[in-house]
Amino acid sequence: MNPLAEPAAPTPFPTPWGDLVLTRFPEDPRERLRAWDAADEYLLRHLGGEADSAGGLATALAGRAVTVLGDRWGALTTALATVPADADRPAEITQISDSHLARRATLANLARAGADPAAARLLTTRDTPPDRIDVLLVRVPKSLGLLEDQLRRLAPALHPDTVVLGTGMVTEIHTSTLKLFERILGPTRTSLAVRKARLILCTPDRALDPGPNPWPLRYALPGDIGAVSGRTVTNHAGTFCADRLDIGTRFLLAHLPVAAPAARVVDLGCGNGVVGTAAALATPGIELLFVDESYPAVASAEETFRANLGPDARAEFRTADALDDADVPAGSVDLVLNNPPFHSHQATTDATAWRMFTGAKRVLRPGGELWVVGNRNLDYHVKLRRLFGNCRTVAGNPKFVVLKAVKR
């Protein structure tokens with residue numbers, strides 16, 4: 001993101017009952033990425049009927065239990081919560097999300113729209129799902145595993161009259177996506193594409209038996225990666241690289257620093273927790289904090305850590321935006337280990353990495369170290385030198401570098 005860019009006014013999200021001003025989280029006036037897209041707009045218009053009327057949508061939702069799955073920045077939840085409806089028959093809206101950032105964005109957008117904070121119940125993908133769903137709206141996620149897990153978890157709450165509508169951009173809806181709906185929920189078809197968006201229309205069939213849920217996945221790590229060689233990791237659906245050890249993490253593990261005894265260590269963007277677990281196995285007695293914005297990731301990290309170090313080993317697990325709301329005091333950490341993401345859904349961005357780096361600098365003690373693995377072409381060393389005043393390349397190969405910055 002260009003720090004000199006002019007602030008951009010958010011593009012209003014059009015609904016039949018008025019435009020909504022929505023933002024991503026954390027809100028940044030320079031952010032050029034929208035909090036909604038044509039897929040969100042298409043779903044709302046279809047749900048309200050071809051007349052595209054607020055009355056049509058209010059009628060469709062009146063008194064019904066509506067569940068919204070995968071609402072990326074709260075656009076659908078906010079829109080539904082602001083539908084002018086019969087006060088005696090309000091819709092019961094539940095949002096289910098795997099993302100702390102999406103949850104925070106939803107709360108902010110509901111407040112900005114003047115909606116009642118209680119207008120929608122916000123659940124995570126790790127929570128117990130609703131008992132009954134009359135309308136299921138699915139924003140197709142990037143992870144097919146997450147979609148499979150959630151459709152399986154929600155299927156018992158559907159009935160023959162449940163309206164099931166999925167949406168996504170045409171690049172996000174594949175044959176494999178449709179097969180999941182068909183295999184787990186029932187007969188499925190797609191709409192025509194409109195503005196590069198498409199709908200998925202599914203008719204629930206309670207007689208279907210898709211078999212047991214394969215999630216979470218567990219597998220043994222390779223035998224050449226240091227302290228965690230051969231150890232078992234747990235991956236809940238939606239965790240990054242859930243079916244294998246990603247090559248960036250493998251490279252960091254090969255060059256992992258040895259923490260001092262009793263050091264305070266943060267595995268930032270922890271994923272399934274393999275990096276923090278490796279640090280704990282290499283130096284028993286360190287104080288560990290695992291942080292990720294993904295609810296499935298934090299659950300995976302806790303199971304991975306406990307399985308390998310025992311139920312009484314010292315560690316904390318927090319779902320947070322980088323370190324901004326993780327309740328970590330400034331100057332309290334000795335070592336931060338970080339493999340930052342560079343995608344936000346379909347967009348490539350360094351905004352998350354920058355928040356991670358600035359958060360790490362805030363929480364590190366003088367002399368504390370941030371170790372980062374990243375794709376060589378992302379030029380993280382430039383950002384780290386700008387922020388810390390120093391950066392050293394610890395190791396590199398044609399694809400990745402491991403970098404170290406020290407807080408002075």
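**Reading a sheet, a fold and its aromatic pairs**

Modeller: In this predicted model, an open sheet of 7 strands runs in the order S5-S4-S3-S6-S7-S9-S8, and its pairing is mixed.

Biologist: Which strands stand at the edges of the sheet?

Modeller: An edge strand has a single partner strand, so one of its sides is left without a neighbour in the sheet; here this applies to S5 (120-124) and S8 (188-190). On average, neighbouring strands of the sheet are turned by 20° against each other, direction ignored.

Biologist: In which sense do S4 and S5 pair, parallel or antiparallel?

Modeller: Strand S4, residues 92-97, pairs with S5 in the parallel sense, over 5 bridges. Within S4, Gln 95 stands opposite Leu 122 of S5. Helix H4 (residues 100-112) lies across both S4 and S5, and the helix runs at about 170° to S5.

Biologist: How should I read the protein chain as a whole?

Modeller: One may begin with its elements: the protein chain holds 11 helices and 20 strands. Next comes the radius of gyration: a compact globule of 408 residues would have a value near 22 Å, and the protein chain, with 22 Å, agrees. Along the principal axes, the C-alpha atoms fill a box of roughly 65 × 50 × 40 Å.

Biologist: What percentage of the residues is buried?

Modeller: A residue counts as buried when its relative accessible area is under 20%. In the protein chain, 54% of the 408 residues are buried. The protein chain exposes about 17400 Å², of which carbon and sulfur atoms supply 52%.

Biologist: What do the contacts show about residues at least 24 apart in sequence?

Modeller: Of the contacts between residues at least 6 apart in sequence, 71% join residues at least 24 apart.

Biologist: How many aromatic pairs are there?

Modeller: Rings of Phe, Tyr and Trp pair if their centres lie within 6.5 Å; by this rule there are 5 aromatic pairs. One of them joins Phe 13 and Trp 36 in a tilted arrangement, with 5.0 Å centre to centre and 35° between the planes. Phe 13 belongs to strand S1 and Trp 36 to the loop between strand S2 and helix H1, so the pair ties together parts 23 residues apart in sequence. Phe 13 is buried, at a relative accessible area of 0%, and Trp 36 is buried at 6%.

Biologist: How is the pair of Phe 290 and Phe 305 arranged?

Modeller: Phe 290 and Phe 305 are edge-to-face, with 5.6 Å centre to centre and 65° between the planes. Phe 290 lies in strand S13 and Phe 305 in helix H9, so this pair ties together parts 15 residues apart in sequence.

Technical notes:
Residues numbered from 1 in each chain as written. Predicted model: local features only at pLDDT ≥ 70, side-chain atom pairs only at ≥ 80, totals over all residues. Heavy atoms only, no water. Pairing = 2+ DSSP bridges. Helix = DSSP H or I, 4+ residues; strand = E, 2+ residues; numbered from the N terminus. Axes fitted to C-alpha atoms, helices over the stretch in contact; angles between N-to-C directions. Contact = heavy atoms within 4.5 Å. Rg over C-alpha atoms; globule rule 2.2 N^0.38 Å. Buried < 20%, exposed > 50% of the residue type's maximum accessible area, 1.4 Å probe, protein only. Areas by Shrake-Rupley, 256 points an atom, 1.4 Å probe, with all protein chains shown as cover. Phe/Tyr/Trp six-rings, centres within 6.5 Å; stacked < 30°, edge-to-face > 60°.
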